[in-house]
Amino acid sequence: MNLLAFDTSTERLCVALRAGDRLLRADEAGGPAASARLLPCIDELLAAAGIAHDALHAIGFGRGPGAFTGLRTSTAVAQGLAFGLGLPVLPLDSLLVVAEDARLQAGAEAGPFEVGVAMDARMGEIYAARYRWDGARWQVLEAPALHAADALRAAWSVGGPAGIAGSALGMAADPLGGLAGSTWPTERDRPAALMRVAVSAFANGEGVDAAAALPLYVRDKVALTTREREQAAR
């Protein structure tokens, strides 16, 4: 099985290629650079693996939630490659990738394992979701959504997850501090976690036609107005 998966929903550009039993990965600066680097990075991994584009069986991409431009970049590249190669597309939950990385950090390969994922969405907001690994597959307990930081803290302060993973743990105001006994503020190997999620999606028959591969937007407003920035600085 040859699978390609990439994610540009965060400030990192992550690409993973499974070529038979080998895993090749790239993890580098993303953000504004992602649109220029994604395709060359894919080509570099394919060349290193010694396989052609038409040897792939499916293409996975991080559908979000995450940075607006990053989601558009991943979606466009996934659709373009899939259309040209006649391949199915695997839309992957970008927050689930963080959960999968946390599961391996925790040594919970057999399960069960439950985690809340909280990613810094800027503007005092957090992309959050909750997942449970039952020993064989992931279950979504709370679907990805956008929360004000104080609202998420209130929601998770009673009956919240025992563990929390994600970049929101590093926010300056520490909005989720003390809520969970176990925390994973940084990811150990995002490309590898991305590929594990992609392999599971492929095995479960979650591939869709390229035209149906859409980003997951949970935020309508992508920037503060000048007045809002001035008020926040007071």
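User: Helices here are DSSP runs of H or I, at least four residues long, numbered from the N terminus. Which residue follows α1?
Analyst: This is a predicted model. Helix α1 covers residues 34-49. The residue that follows α1 has a positive phi, near 75°, and is G50.

User: How far apart are the end C-alpha atoms of helix α1?
Analyst: Helix α1 has 16 residues, and at 1.5 Å a residue they should span 22 Å. The model agrees with this, because the end C-alpha atoms of α1 are apart by 22 Å.

User: How many disulfides does the structure hold?
Analyst: A disulfide needs two cysteine sulfur atoms within 2.5 Å. For C41 the closest cysteine sulfur is that of C14, at 9.2 Å, so the two are too far apart for a bond. Both residues are buried, C14 at 0% relative accessibility and C41 with a relative accessible area of 2%. The number of disulfides in the structure is zero.

User: Which element gives the largest share of the lining of the largest pocket?
Analyst: The largest pocket holds about 810 Å³ of space. Of its 36 lining residues, S9, T10, E11, A67 and D120 are the closest to its centre. Elements giving two or more residues are α1, α2, α3 (94-105) and β6 (113-120). The largest share, four residues, comes from α2.

Conventions: Residues are numbered from 1 along each chain as its sequence is written. This is a predicted model: local features need pLDDT of at least 70, side-chain atom pairs count only at pLDDT 80 or more; totals for chains, interfaces and linings use all residues. Side-chain values use heavy atoms; hydrogens and water are left out. The expected span of a helix is 1.5 Å times one less than its number of residues. Buried means under 20% relative accessible area, exposed over 50%, partly exposed in between (1.4 Å probe, protein chains only). On a 1 Å grid over the protein atoms alone, a cavity is a set of points where a 1.4 Å probe fits but cannot get out, and a pocket is an open set with protein on both sides within 12 Å along at least five of seven lines; lining residues have an atom within 4 Å of a point. Grid points are joined across faces, edges and corners, and a volume is the space filled by probe spheres set on the points.
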